[in-house]
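Here are my notes for your first read of this model. Keep the structure open and go through the points in order.

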Amino acid sequence: MLMTSDERPTHAVAGPEAGTLARRFPGNFAWGVATSAYQVEGAAHEDGRGDSIWDEFCRRPGAIRDGSSGEHACDHYHRVAEDIDLLASLGVNAYRFSLAWPRVQPLGAGAWNEKGFAFYDRLIDGLLEQGVAPFLTLHHWDLPQALQESGGWVNRATVGRFADYAAEIARRFGDRAASIATHNEPWVVAILGHQAGIFAPGLKSQSSAMQVAHHLLLSHGVALQALRAQHCVSPLGIVLNQAPTYAATDSPDDLARARLDDGLTIRWYMDALLRGCYPQDVLAFLGEDAPRIAPGDMEVIRQPLDFLGINYYTRNLSGTGAPLDPISSGRELTDMGWEVYPRGLTELLLRLQADYRLPPLYITENGAAYRDRLVGGRVADADRIRYLRSHIAAMADALESGVDVRGYFVWSLLDNFEWADGYTRRFGLVYVDYATQRRTLKDSALWYREFCRRARTARGDGSSATMGRGHGR
Ligand code: FCB
């Protein structure tokens, strides 16, 4: 049910600068779009899928802004063939998506669900037939509810369950995946889910949150060991959200607060993964809320990474004063209230390069929500085009300064279930009318399609993105 608005001439939305920008990237660069299982699949109770913590969280009155859930979402589970055609029509060479653990192992332990695996078989094979490289994520927040009932990520036993799940995915898909990431954004699961309580499972405890942060990292390390023990040939890594922190003013208090926030959001994860330790200043700040760490844990966390995924949307401003009023500050904001700050992406990448011995990087998510309106079959989202163009240019700046970035994924292919914001925020390149499930390419989709076409022309072929192995090993 794809609207044919994509017949419109692309020069309506993509000027010659699309070609100039595309030529700043190497020929084998991955140009993709991203989604996650709970946000698009729907079919939450079909073919044996078990409940996830998000199914449960959505039932809590007041948890989701519009009272909705991912029960139907974009109905991608039933429309997978159409959505693969949609991806192919965009001309992307890579697609990042997640597997729903409760779809393939309903209770998070024990029996596997063949119908769940059959769905991902169809998706992966369909992508490969179209020359689109499948970039898998094992856990994009939808932990099986049965595991939550025995403590979820607070319980160290969940680490072992995750490794079993990872090994099974390696057996099933390890030969076909262009990459496998263990977790998406552990900070969000730990902090928004267990400290702020605004995401599933909705707990409010700093000590639990930091124990979860540790267990997620530990489970990443154990899963990488399990995947490699299965001789998985896909490159392996993890995806982190990284909003760089800037001090609101030059006052010593603001600078100190910004340093701590940087530690809590970026250094906690990067130091653990790449140096095998947690930052001392953050441990000191946490005091009794610091996690319990068993001997040997940090070595397990620091497994060689074939790649690191970075999700970049905006920057943080930290200080001890009252938070800046975003409206009166005059900063350009998206519909999430997130500042549009492309320079932050260049600065982040250069800073990571200076501070760590990095594996190859992928920008695994970047995009923006705007108040899109479908009028006469068209969504004129010029601000999203500007957002994407400026961030791709910011990534090119980092690449030209020597940062090894290998790919970029727009969040998102489709408008979808935006967690606690329900369906009130639209991030898609493709507009979804949820009542009919009709998909309509927004102007930004036409722009990205033209950009990908220029990138293909620049490299002189139509090959899908592939990843090398053995970096920094
Ligand atoms: C990221 C999530 C993704 C989506 C975007 C807007 O933090 O990984 O699922 O919600 O934000």
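1. Which residues of α14 are buried? Keep in mind that this is a predicted model. In α14, the buried residues are G344, L345, T346, L348, L349 and L352. The helix covers residues 343-355, 13 residues in total. From first C-alpha to last, α14 reaches 18 Å, close to the 18 Å expected at 1.5 Å a residue.

2. Next, look at what surrounds that helix. The buried residues of α14 pack against strands and helices. The strands are β6 (245-247), β7 (307-311), β9 (361-366) and β10 (405-411). The helices are α11 (252-275) and α15 (382-400).

3. Now the ligand. Its surroundings are Q39, H140, W141, N184, E185, Y313, E365, W411, E418, W419 and F427. This shell divides into five nonpolar, three polar and three charged residues.

4. Check the polar atoms around the ligand. A polar side-chain atom of Q39 is 2.7 Å from a ligand oxygen. For H140, a side-chain N or O atom lies 2.8 Å from an oxygen of the ligand. For E185, the corresponding distance is 2.6 Å. The ligand taken alone exposes 300 Å², and the protein buries 94% of that.

5. A cis peptide bond joins W411 to S412, with omega about 15°. S412 lies in the loop between β10 and β11 (430-433). W419 is found in the loop between β10 and β11 as well. Phi of W419 is positive, near 50°, and W419 is not a glycine. Is W419 buried or exposed? W419 counts as buried because its relative accessibility is 3%, and the cut-off for buried is under 20%.

6. Most peptide bonds are trans, and most residues other than glycine have a negative phi. Another cis bond runs from A200 to P201, with omega near 5°. P201 sits in the loop between α9 (186-194) and α10 (206-229). H231 has a positive phi, near 60°. H231 lies in the loop between α10 and β5 (236-241). H231 is exposed, with a relative accessible area of 68%.

7. Finish with S444, in helix α16 (residues 443-459). S444 is buried, at 0% relative accessible area. Which side chain does the side chain of S444 meet in a polar contact? The partner is D381, at 2.5 Å. Leaving out residues up to four places away in sequence, S444 touches D381, R384, I385, G428 and L429.

How values were computed:
Residues numbered from 1 in each chain as written. Predicted model: local features only at pLDDT ≥ 70, side-chain atom pairs only at ≥ 80, totals over all residues. Heavy atoms only, no water. Near = heavy atom within 4 Å. Polar contact = N/O pair within 3.5 Å; in protein donor to acceptor, adjacent residues only side chain to side chain. Areas by Shrake-Rupley, 256 points an atom, 1.4 Å probe, with all protein chains shown as cover. Nonpolar A, V, L, I, M, F, W, Y, C, P; charged D, E, K, R; others polar. Helix = DSSP H or I, 4+ residues; strand = E, 2+ residues; numbered from the N terminus. Expected span 1.5 Å × (residues − 1). Buried < 20%, exposed > 50% of the residue type's maximum accessible area, 1.4 Å probe, protein only. Contact = heavy atoms within 4.5 Å.
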